[in-house]
Amino acid sequence: MSIENRPYQAAINGRPVTVAEVTPLAFAGFAHFTAMQVRSRKVKGLDLHLTRLREASIEFFGVAVSDQRMRAYIKAAIDAGPADQSLTVTVFVGGGEFSSRSMDTEPEVLVRTDTPAEGPRGPLRLSVVEHERPLAAIKHVGEAGKTYWLHQAIRQGFDDAAFLDRQGRLSEATIWNLVFWDGDAVVWPRAAILHGTMMGMVQRQLDRLGIAQRHEEITLERLGDLAGAAVMNSWTPGIAVTAIGGTTIPEAESFMRLLRRCYEAEPAVSLAELEQPVSGT
C-alpha cells in the first residue's frame, strides 16, 4: 500500500499537527500512551483505555485531561478515518521532558491512526531475559529495552522475549502480557507489570463466565507444571506460547479458544453519539 493511501492521521487536541509540534515527541521520553484497535468504528474496553490515560497523567503530570475531552479527541480521529484502523493516544507536556513545566500542567493529547493491526499467528517461542521495566504499571514511551531484547531474542532463534525480575519471577514480555493455564484456571503472573487493557477485558469476562483465575508467582521451574501459556496485547486476546527459555509448553488450543471467547464477549462501544471535538485546551 502506498503511503498516500494509508489511513494515517495525527492530531493534537483535536486539530492537525504541524511538523514543529510533532518533532519534539521523537526525542521525548516523558509521555504515556494507550493503543487500541477500531473495528466498524467501535472500540472494545474504552473505559479501560480512559482509566489508563487518566491515572497515568495524574501520576506523571499531577493533572489529567477529562474523560469527556479524551472521548471527543478519539471520536474525531475515528470519524475522520476508515471504519477499521489502529489508534494510539499519547499524552505529553510540551517544553521538554526535563522541564518543570511538566508538573501540574494540563497535558497535550496526540491521537494517531494507521492501518488496522492483527497479532502474529503464533505459536511463539520466548527467550528469557533478566529485565524489569521502570514504572512498569505505566504504558510510557521511550523504552528502548523492549525493542533491544526483541532483537536479541530473534538473533538467538526465538520469536520474542519474556522478562524475569530480580526475584526470579516471570512478569511480562516485550510488548505483551503473559498469561498461563493450569488445566482448570487462568493464572496471571504476580510481579510488577503493566495491567493491559486486553488483560482487563479478559479478566472481567472470565468473571462473567465463572472461569477460575488467580495471580501466582511464576518461576522458570513452575513452567513445567502448567498446561498452556499465551501472550496478549491490544492486537489480540491470545497467541499461544510453546516455549519459554528451555522449557516446552503445550500449545493448549482450548485455552486459546477460551481467551478468544472472552474477547468476543466484550462489547464494542460506538462513539457516534458522543460529543463533537472541543476547542482549546
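The lining of the largest cavity in this predicted model comprises five nonpolar, four polar and one charged residues. This cavity has a volume of about 70 Å³, and the structure holds one cavity of 30 Å³ or more. The residues that line the largest cavity are Ala35, Met36, Gln37, Lys44, His49, Thr197, Met198, Met201, Ser234 and Tyr263. Two elements, strand E3 (31-39) and helix H5 (197-209), each give two or more residues to this lining.

Helix H5 also packs against helix H2. The crossing of H2 past H5 is right-handed. On the H2 side the contact involves Asp47, Leu48, His49 and Arg52, and on the H5 side Thr197, Gly200, Met201 and Arg204. By class, two of these contact residues are nonpolar, three are polar and three are charged. His49 of H2, together with Thr197 and Met201 of H5, takes part in this contact, and His49, Thr197 and Met201 are also among the residues lining the largest cavity.

A further packing arrangement joins helix H2 (residues 46-61) to helix H3 (residues 67-80), with an angle of about 120° and axes 11 Å apart. H2 is therefore oblique to H3. H2 passes H3 in a crossing that is right-handed. Leu46, Leu50, Leu53 and Arg54 of H2 form the contact with Asp67, Met70, Arg71 and Ile74 of H3. The residues of this contact comprise five nonpolar and three charged, with no polar residues.

The second largest pocket has a volume of about 300 Å³. It is lined by 21 residues, of which Thr236, Pro237, Gly238, Ile239 and Arg260 are the closest to the pocket centre. Strand E3, strand E14 (236-244) and helix H6 (253-265) are the elements that give two or more residues to the lining of this pocket. E14 provides the largest share of the lining, with five residues. By class, the pocket lining has nine nonpolar, six polar and six charged residues.

Key:
Residues are numbered from 1 along each chain as its sequence is written. This is a predicted model: local features need pLDDT of at least 70, side-chain atom pairs count only at pLDDT 80 or more; totals for chains, interfaces and linings use all residues. Side-chain values use heavy atoms; hydrogens and water are left out. On a 1 Å grid over the protein atoms alone, a cavity is a set of points where a 1.4 Å probe fits but cannot get out, and a pocket is an open set with protein on both sides within 12 Å along at least five of seven lines; lining residues have an atom within 4 Å of a point. Grid points are joined across faces, edges and corners, and a volume is the space filled by probe spheres set on the points. Helices (H or I, at least four residues) and strands (E, at least two) are DSSP runs, numbered from the N terminus. Ala, Val, Leu, Ile, Met, Phe, Trp, Tyr, Cys and Pro count as nonpolar, Asp, Glu, Lys and Arg as charged, and the others, Gly among them, as polar. Axes are lines fitted to C-alpha atoms, for helices over the stretch in contact, and angles run from 0 to 180 degrees between N-to-C directions. Angles under 35 degrees count as roughly parallel, over 145 as roughly antiparallel, 65 to 115 as roughly perpendicular and the rest as oblique. A crossing is left-handed if the near helix is turned anticlockwise from the far one by less than a right angle, and right-handed if clockwise. Contact means heavy atoms within 4.5 Å.
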